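Here is a colleague's note to read beside the structure. Please keep the model open and find each residue as you go.

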Amino acid sequence: MKILANKWQIGWLLLLATTAQADDGINHGNSAWVLTTTALVLMMTLPGLALFYAGMVRKKNILSTMMHSFGATAVVSVLWVMIGYSLAFSDGGALQGFIGGTAHAMLSGVGIAERSGDIPLALWVMFQMTFAVIAVAILAGSLAERMKFGSFLLFSGLWVLLVYVPVCHWVWGGGWLTGDALDFAGGTVVHINAGVGGLVLAHLLGKRQDYGRANLAPHNLVYALIGAGLLWVGWFGFNGGSALAADGVAAMAIIVSQVAAAMGLLTWLLCEYVVRGRASALGGASGVMAGLVGITPATGFVGVSGAMAIDVLTALGCFAMIHYGKKRLGVDDTLDAFGLHGVGGIIGAVLTGVFISRELYPDVRHESLLTQLWLQTEGVLATIVYSAVVTFIIGMAIKKTVGLRVDDEAEYQGLDLAIHGEKVS
């Protein structure tokens, strides 16, 4: 009887604890889901993108390429809590349309009791931080094998504050595009932004020494495929977590993300087979990335049929850019950050306005097709222009002061040894 009484006491204590937790306004199921997806999105950068990019460079630059992901993560994390989050998501007063304010600088007012909706505010801050981190890490793919590491860290800090944060505020933080240009999980904010920024910086850096003359084939495609696999799984956090709830929207986001990755892979392999007579492992990984990028802005607004259509078109567009358009641009976008993320984000963002499912998402604000297409296009064009112009200014400022590019000897030797004093044996 004594044991039974103790069990009843424990049960009452647990019930009281649960009730007390419920009274704080926090939905613990939703919070647990967003905590999990936050870890998944961070995993996309470390080690996902780090491995994906490292596998596609030459052996002498593997470590330096991975350090771009680690360095970006560190710089962005610190600046995000210092001022980035506040500028992206607080009230900017008279400048609200363009940028937020400083109310949450150093996370002022972000404690353990504050909420964002029904999840802890601190969790929302961290979740958004992982998006800022991967945006800079994606951009780094354009500059691999030739940029100074110190200059990259400086560029990362300036770019996240002057480019990423304003665009994030426009679309998600109450700025002039919020509620009009639909972007569920970062097609515009992350992918177009990073892809365009990477293209501009690659132009400022110039082509690698051996570009167009020597074999620049990837050193280790096993790394690239492992990284692509981690990105594929982590994308469930990227897209599913953006629902900010453990609900049907999150579940549908995961389903359409899975279908998108599959359609991107199959479409890319078919293109390779038609053009080259064979389907490559790297092509499969690229197709997965194209599919996932394309569905990112549309995830919470389309069904499976819309996802399939978007990602067939996205994979075709990215394939055409990488295999044909890149030569016309004349820019050495080392790991095709623009070809995959920039082009994929543009196609996905525009097509979001075409394939919205009114049956699945009746609460989403729907304009006429032409009106919504214009709103999507407006967001895309504004992001392209802003990212390109400000990235150019930042890049030129660094180029004229501390310099962007390593010297010829360091580039020939390899950045692993020249910059970090280490190499892969």
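1. How many of the 24 residues of α5 are buried? The count is 17, so α5 is mostly covered. Buried means under 20% relative accessible area, exposed means over 50%, and partly exposed lies in between (1.4 Å probe, protein chains only). Helices (H or I, at least four residues) and strands (E, at least two) are DSSP runs, numbered from the N terminus.

2. A word on the source. This is a predicted model, where local features need pLDDT of at least 70, side-chain atom pairs count only at pLDDT 80 or more, and totals for chains, interfaces and linings use all residues. Residues are numbered from 1 along each chain as its sequence is written, and side-chain values use heavy atoms, with hydrogens and water left out.

3. Stay with α5, residues 149-172. The helix bends by about 40 degrees at Val 160. The bend at a residue is the angle between axes fitted to the seven residues ending there and the seven starting there. Just after α5 comes Gly 174, with a positive phi of about 100 degrees.

4. Now look inside. The largest nonpolar core has 117 residues. Such a core is a set of buried Ala, Val, Leu, Ile, Met, Phe, Trp, Tyr and Cys residues joined through side-chain atoms within 4.5 Å. Phe 52, Trp 80, Trp 159, Tyr 164, Val 190 and Met 289 touch the most other members. Helix α4 (residues 121-139) gives the most to this core, 15 residues.

5. Take Trp 80. Leaving out residues up to four places away in sequence, its contacts include Tyr 85, Phe 89, Met 129 and Tyr 164. Contact means heavy atoms within 4.5 Å.

6. Next, the charged pairs. Side chains of opposite charge can pair when their charged atoms come close. A salt bridge is a side-chain nitrogen of Lys or Arg within 4 Å of a carboxyl oxygen of Asp or Glu. The whole structure has six.

7. Which residues are linked in a network of salt bridges? They are Arg 58, Glu 145, Arg 208, Asp 210 and Asp 332. Glu 145 pairs with Arg 208, with the closest N and O atoms 2.6 Å apart. This pair links distant parts of the chain, 63 residues apart. Arg 208 also meets Asp 332, at 2.8 Å from N to O. Arg 208 lies in the loop between α6 and α7 and Asp 332 in the loop between α10 and α11, so this pair ties together parts 124 residues apart in sequence. Arg 208 and Asp 332 are both buried.

8. Arg 58 sits in the loop between α2 (28-54) and α3 (62-89). Arg 58 is buried, at 13% relative accessible area. Among the residues Arg 58 touches are Glu 145, Arg 208, Asp 210 and His 219.

9. Check the backbone too. Most residues other than glycine have a negative phi, and most peptide bonds are trans. The bond from Leu 46 to Pro 47 is cis, with omega near 10 degrees. Pro 47 is in helix α2. Asp 336 has a positive phi near 60 degrees. Asp 336 also forms a salt bridge with Lys 326, at 3.0 Å between the closest N and O atoms.

10. Finish with Leu 270. Is this residue buried or exposed? Leu 270 is exposed because its relative accessibility is 54%. Leu 270 belongs to helix α8.
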